[in-house]
Amino acid sequence: MKTNATNADTSKPHAVTFAHMSDTLDAVTMSDSSDAATASGTPRAFASSEAADLKKTASAPSSLAHCTLCPHACALHDGQHGRCHARVARGGNVVSENYGRITSLALDPIEKKPLARYFPGSTVLSVGSYGCNLSCPFCQNARIACASELDVPWREMTPTELMNKALDLAQYDCIGIAYTYNEPLVGFEFVRDCAQLAHECGLKNVLVSNGFINAEPLQKLAPFIDAANIDLKGFSSHFYHLVGGEIAPVQRTIEFLAQTATCHVEITTLVVPGMNDDLQHIDQLAAWIAHLNPEIPLHLSRFFPQHHMAKAQPTPRATMLAAQEVASAHLHTVLLGNM
Ligand code: SF4
């Protein structure tokens, strides 16, 4: 185990940072994780050469390495990091620098992801690293999402170690792993390796993501994702410009997962006063989800002052209730969070 900094934020409402990690797991783990695997659920060992191969995501003959993971399409000089802070150019390839680097680990109720209609009452071992490919001024988890390797404490875990932890927590109704807290898909290779191993162990995979990923890696990962909560942060190109992304790739991600029979999908929108709380905006967002499937649950989450909007006011409760009413005209399940 190693750490690289000590400025953990322990005040985040949803992330248990490294400083809390051992406390969280010690409280619920009855035996050492290395002894936890059962005959039916023993993970296979993960070969180091295999892991090294999987860190490569793209190569280019020029002096620039091109990342093909998300629509930002970063072209990087050797040693340069991408916009997500989690990937770096090394020897002509863009590799996942945050592979296996864990900043947050906690056993959460599945409803906290949030997933309202997937194994209610169960728990899920929630894991996060650092980095994100969007730059929301209202980020509710900025200390890890906006961090690079030097900004936040982390420890290394292999996929096998993570599976052993999850298996050890079965007595607490732990159904599997949730990839969450920061943007998990900027660490695509770790999520993929863990997700494959989880299925071999009979565990479920839950993805909590901003959905800003290219189609090809999404299609590779989707067969291993059993449930996903995807952020739909707003419903205009203008709003997605404010958060450093584009809406079309996120819509494509939601559409693809909604059409994937093996994946349960729910959606979250953080309602930020003065930014995306216009009721016409909410109406259009909910109508678009309904055209995919009116059974998809929508979580409207209340904004609290954070990050670059630390001096803003929380979203008024009346705004949340009005948004719920508008969205409920299209969708069967509209839930309010952080109320
Ligand atoms: S995943 Fe990171 S490095 Fe790759 S294109 Fe997106 S922001 Fe750039």
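# Briefing on the predicted chain and its ligand shell

Aspartate 173 is found in the loop between H4 and E10, where helices (H or I, at least four residues) and strands (E, at least two) are DSSP runs, numbered from the N terminus. This is a predicted model, in which local features need pLDDT of at least 70 and side-chain atom pairs count only at pLDDT 80 or more, while totals for chains, interfaces and linings use all residues. Residues are numbered from 1 along each chain as its sequence is written. The secondary structure of the chain comes to 10 helices and 15 strands. Buried residues make up 49% of the 339 residues; a residue is buried if 20 or more other C-beta atoms lie within 10 Å of its own, exposed if 12 or fewer, and partly exposed in between, with C-beta atoms placed from the backbone. Among contacts between residues at least 6 apart in sequence, 73% join residues at least 24 apart, a contact being two residues whose C-beta atoms, placed from the backbone, lie within 7 Å.

**Ligand surroundings**

- Of the 13 residues around the ligand, Cys67, Cys70, Cys74, Gly82 and Cys84 come nearest, and a residue is near a molecule or strand if its C-beta atom, placed from the backbone, lies within 6 Å of it.
- By class, this shell holds 8 nonpolar, 3 polar and 2 charged residues, where Ala, Val, Leu, Ile, Met, Phe, Trp, Tyr, Cys and Pro count as nonpolar, Asp, Glu, Lys and Arg as charged, and the others, Gly among them, as polar.

- Strand E13 (residues 264-271) is mostly covered, with 8 of its 8 residues buried.
- In a regular strand the side chains alternate between the two faces of the sheet.
- Strand E12 (residues 227-231) pairs with E13 in the parallel sense over 5 bridges, pairing being assigned if DSSP finds at least two bridges between two strands, and asparagine 229 stands opposite glutamate 266 in E13.
- E13 is also joined by 5 bridges to strand E14 (residues 298-302), again in parallel, and the bridge partner of valine 271 in E14 is arginine 302.
- From E13 the chain crosses through helix H9 (residues 279-292) to E14 in a right-handed β-α-β crossover, meaning that, with the strands pointing away from the viewer, the path from the first strand over the helix to the second runs clockwise.

**From E14 to E15**

- E14 and strand E15 (residues 334-337) pair in the parallel sense over 4 bridges, and leucine 300 has leucine 336 in E15 as its bridge partner.
- Together, E14, helix H10 (residues 317-328) and E15 make a right-handed β-α-β unit.

- The 12 residues of helix H8 (residues 247-258) should span 16 Å at 1.5 Å a residue, and the end C-alpha atoms are 16 Å apart, which agrees; the expected span is 1.5 Å times one less than the number of residues.
- The buried residues of H8 are Ile247, Pro249, Val250, Thr253, Ile254 and Leu257, and what covers them includes helix H6 (215-221), E12, helix H7 (237-242), E13 and H9.
- Helix H4 (residues 159-168) is mostly covered, with 9 of its 10 residues buried, among them Pro159, Leu162, Met163 and Asp168.

**Loop residues**

- Histidine 85, in the loop between strand E3 (75-76) and strand E4 (87-90), counts as buried because 22 C-beta neighbours lie inside 10 Å.
- Phi of histidine 85 is near 70°, a positive value in a residue other than glycine.
- Leaving aside neighbours within four places in sequence, histidine 85 is in contact with Tyr130, Gly131, Ala147 and Ser148, and the C-alpha atoms of histidine 85 and cysteine 132, 47 residues apart in sequence, are 7.1 Å apart in space.
- Glutamate 183, in the loop between strand E10 (174-179) and helix H5 (188-200), counts as buried because it has 28 C-beta neighbours inside 10 Å.
- Beyond neighbours within four places in sequence, the contacts of glutamate 183 include Cys84, Gly131, Cys132 and Asn210.
- Aspartate 173 counts as partly exposed, because it has 14 C-beta neighbours inside 10 Å, and its phi is near 60°, a positive value in a residue other than glycine.
- The peptide bond from lysine 113 to proline 114 is cis, with omega near -5°, and proline 114 lies in the loop between strand E7 (104-109) and strand E8 (123-128).
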